[in-house]
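Open the model in your viewer and keep the selection panel at hand.

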Amino acid sequence: MTNEPTPSRPTSSGRIETPRSSRRRFLQLAGLGAVGATGAFAAPTLVGRLMAEESTTGNFGPSPGGSTGGSGGRDPGRILVSIQLGGGLDFLNTVVPLDDPRYATVRGDGTLRLGEDGDGAPTLHQLDSSFALNSTPYLAERWNAGELAIVHGVGSEGSSLSHFDATDMWEKGSPDFGTSSGWLGRAMADLAGADPDPLLAVSMGGVSPSMYADGWSPVGLRPEARIPWSANFSDQYRSLDRAMADLTSSDGDDLWARTRNSQLDLRGIGARLGPIVDGRELRDDEDDEDDEDIEEGGPGAGFLGYQLDLIADLVRGGIPTRAFHVMHDGFDTHGSQRYLLPELMGTLDAALQRFQSRLGPDADRVVIATWTEFGRRPEWNGQGTEHGTAGVQFVLGPGVRGGHHGEPPPLDRFDPDGNFLITTDFRDYLAGLTHGVLGADPARVVDGGRGPLDLLEA
Amino acid sequence: MPIDATPRNAAHLWRRAAFGASREQIDQTVRDGIEASVESMFDHRRAVDGGEPHRTVGVMAYETPQLNTWFLRLAATSPTPAIERLTWFWHGHFATNIDKFEGPELFHAQLMTFRRHGMGRFDDLLKLMARDPAMILWLDLHTSVFGKPNENYARELMELFSLGVDGGYTQRDVAEAARAFTGYTISEFPRPTRAWISSALHDDGEKQILGQTGRFTGDDVVDIIVQRPECHRFIATRLWTRYAGTAPAPGVIDELAAAFAQRLVVRDLVVAMFTHPAFYADDVRLGLVAQPFETVVNAVRGFGVDLFDASTQPLTDDEDLVDVGAFPWWIPLEMFEEMGQLVAHPPNVGGWPHNDAWIDATRSIGRLNAGILFAEAVLEADTPVVREIEAAADRDPRTAAALLMAAFGHVEHSTDTEAAIVAALTAPPDDVGPLASAIAIAFTSPEVTLS
């Protein structure tokens, strides 16, 4: 393959390396809790920080501190949009090895072929002499532009076939769940230093466990929900606003103080998000027809597109967020895979096209990376595929080193359970995103591995 | 030595063991004493028939909204709210997500099993779970057959349900237990789905589990597990963690585990916990973040909301059919959704996040949105409790603040919260009105959040 992973800095004994680290940092990494670590989140309220920002920049622009991270200077750095392909994506029928005669042997009745398009059947888009993409014309176009990386054979030796355990492993960035914090959370903690801004990481819907870390918690937004303290809100709720303005922050790190301070943080977050989100159309339950247009996020882009719309608006509005998370669920295709997989990939494709276009000039800063908890078994079960091991991941955006990364799993050699062999350690993939996109130190983020994949141009 | 039956301790007991209480109920506990009140709260003879969501064919009939609406009303209006709360605890413990399978009636049946057997012998409860169709479908137990055992159920049984992740078992024990549970299956037709044990699909061979050897069945595995001290400590710790919140003082878990080990009766353990002095310490009273479901039950109970009865009629999305001035059935559902917790929808088999995981900026957005939804709806519904607070607000905002906090089951509150409520009540009129703001302030206060 064209782009071999660059092995670097092997870690000793497979544990998280802690260079220059204090004990507190290690405890934070290990998710063991450190006295005083969480206090950093509780103590300075966002209201205070907001005021400081207003006085220096006069706007809600990127935070001058904390969010610049490893990029240095005032460069706001790249933004990672992590898309979870929930359920376990079947790599074999997504990045289809057209020219490999072993493909049909392995996949049997589930084998896809060029020229069998239409009528619900997948449309294959040829990438090169070896591979075609299933139902993703936009991704194929970005491939030709050199902005799509396809990472093959990603997984972990001996990982679980349970959705929970495998998802847990990915979220924690650790094959043995040795932490309670998530890999993105640790990356944010590494970027944020002593003054973590909750807006550094934003999750759509519920907060992804990948974003939690000790002393650090991200913000979750539901695009269909009202955000308190948007401009209209403060007009309507003047009495509430006034009453909450009277609340005083509470010292300490107990639950009382953290509850009180999270109320106060909210007012600050609302004030920062308000100017960005005001004027966005919210989903309106009363009006079903409009509702569909809005919630669908444009033709074919689905709820994923609707959520990416909000992310695009937040980025364009200057939110200092470095990592977003959004779920695209339904890849657990035990049955009906022939129809479900093209539909799901088609939605992803349309949503990404819409997203990059909506980002406008900010698209240059944004890297989209997928992850799925596992791949699926080699053989076709008649209707679909069972839980497997190695999976494929996509990285998309300007600055991405397009092309193949890692070796596709061989189609004639399997593990003792008959599953595909892992060729790329998932930690090296996460380390590559950590280093290349976020500019954080992979050794503080990922538990072991061989070293970051070289996914991004410097 | 009996627990001091002060209003503070009585209110704490009701907020934790149940979903809060009126001032009258708290005063009754002050008169009866904590111990007698606990005995009465967990007296199954006082429980009523829990009923069942109305069965109507159709989209809105008998699925998540109907289930949530039904269970909310049961929890908020039951004469034995402590039993409903223990049912809720077991739902979080054996966390089953309805999305995995067809058949909301299976989920209802599981809740009813918790309700009937949740205070009884723990080994019975574990044996019933391996025969519970919702659980079987949730953890794919029916796909685990002789020669091809699936470890999913056996692993969760040990890790999450009975021993804990450090409970002294190995991967080998999981694999062997999985063999013992082969053949625990279901028949989906004819309806209703029922569980049964197939001897043809069961691996009758010899197994080695937790140091014992024999031709064990799943029930035998349960009998082996419940004799382990790790099991007694794990269940005692789990209950303490979910009801008390903070890490227990040294020795407390030993005492509770000992009370449990004698007869394996859950009620013994629960009564021991709620009558233990450690449960009434300050760090416990301020040591637990209420889960969204608990907060919503507390609110609708405390304001005397006349909830939609989903056991007698199906939900309808035709707004014309909702009486003007009534409390719309969809308000609690929207509150659940805002706050991130729906009955029958735990995020995974490990259950919902715990304690401080519910405190962050995201959660406070949801909590405030939920508080506003509740405030506006309850004002519209104009319950007697609302009218009482409204009347007091005109005379004395501080009395109104006390009544407001009492509605949430509090007999005392911070000066900070009182000041904010008074500030809201005395603010110039705006779109929502001062009282709605005051209710939202109370709903999001640390007092109510840490109920």
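What percentage of the 458 residues of chain A count as buried? The share is 56%, where a residue is buried if 20 or more other C-beta atoms lie within 10 Å of its own, exposed if 12 or fewer, and partly exposed in between, with C-beta atoms placed from the backbone. This is a predicted model, in which local features need pLDDT of at least 70, side-chain atom pairs count only at pLDDT 80 or more, and totals for chains, interfaces and linings use all residues. Residues are numbered from 1 along each chain as its sequence is written, while chains are lettered from A and ligands numbered from 1 in the order in which they are written.

**Chain A.** Colour chain A by secondary structure: it has 14 helices and 12 strands. Helices (H or I, at least four residues) and strands (E, at least two) are DSSP runs, numbered from the N terminus.

Select α6 of chain A, residues 163-172. Its buried residues are Ala166(A), Thr167(A), Met169(A), Trp170(A), Glu171(A) and Lys172(A). They pack against α7 (183-192), β9 (366-371) and α14 (426-438) of chain A. Just after α6(A), look at Gly173(A), which takes a positive phi of about 70°.

**Between the chains.** Now show both chains. In this interface, 34 residues of chain A are in contact with 34 residues of chain B; contact means that the C-beta atoms of two residues, placed from the backbone, lie within 7 Å. On the chain A side, β7 (219-221), α9 (238-245) and α10 (255-277) each supply at least two residues. The largest share, 10 residues, comes from α10(A). That side of chain A has 16 nonpolar, 10 polar and eight charged residues. Here Ala, Val, Leu, Ile, Met, Phe, Trp, Tyr, Cys and Pro count as nonpolar, Asp, Glu, Lys and Arg as charged, and the others, Gly among them, as polar.

**The core.** Select Met188(A), Phe374(B) and Ile439(B), the residues with the most contacts inside the largest nonpolar core, which has 257 residues. Such a core is a set of buried Ala, Val, Leu, Ile, Met, Phe, Trp, Tyr and Cys residues joined through C-beta atoms within 7 Å. Helix α18 of chain B (residues 361-381) gives the most to this core, with 10 residues. Around Met188(A), leaving aside neighbours within four places in sequence, the contacts are Leu200(A), Ala201(A), Ala213(A), Trp216(A) and Ala323(A).

**Helix pairs in chain B.** Select α5 (residues 81-93) and α6 (residues 104-117) of chain B, whose axes come within 9 Å and cross at roughly 125°. Axes are lines fitted to C-alpha atoms, for helices over the stretch in contact, and angles run from 0 to 180 degrees between N-to-C directions. Ile83(B), Thr87(B), Trp90(B) and His91(B) in α5(B) meet Leu111(B), Phe114(B) and Arg115(B) in α6(B). These residues divide into four nonpolar, two polar and one charged.

Next select α7 (122-129) of chain B and α11 (residues 218-225) of chain B. The axes of α7(B) and α11(B) are 10 Å apart, at an angle of about 150°. Asp123(B), Leu126(B) and Lys127(B) of α7(B) make the contact with Asp219(B), Val222(B) and Asp223(B) of α11(B).

**A loop.** Finish at Ala200(B), in the loop between β2 (194-197) and β3 (207-209) of chain B. Is Ala200(B) buried or exposed? Ala200(B) is exposed, because 8 other C-beta atoms lie within 10 Å.
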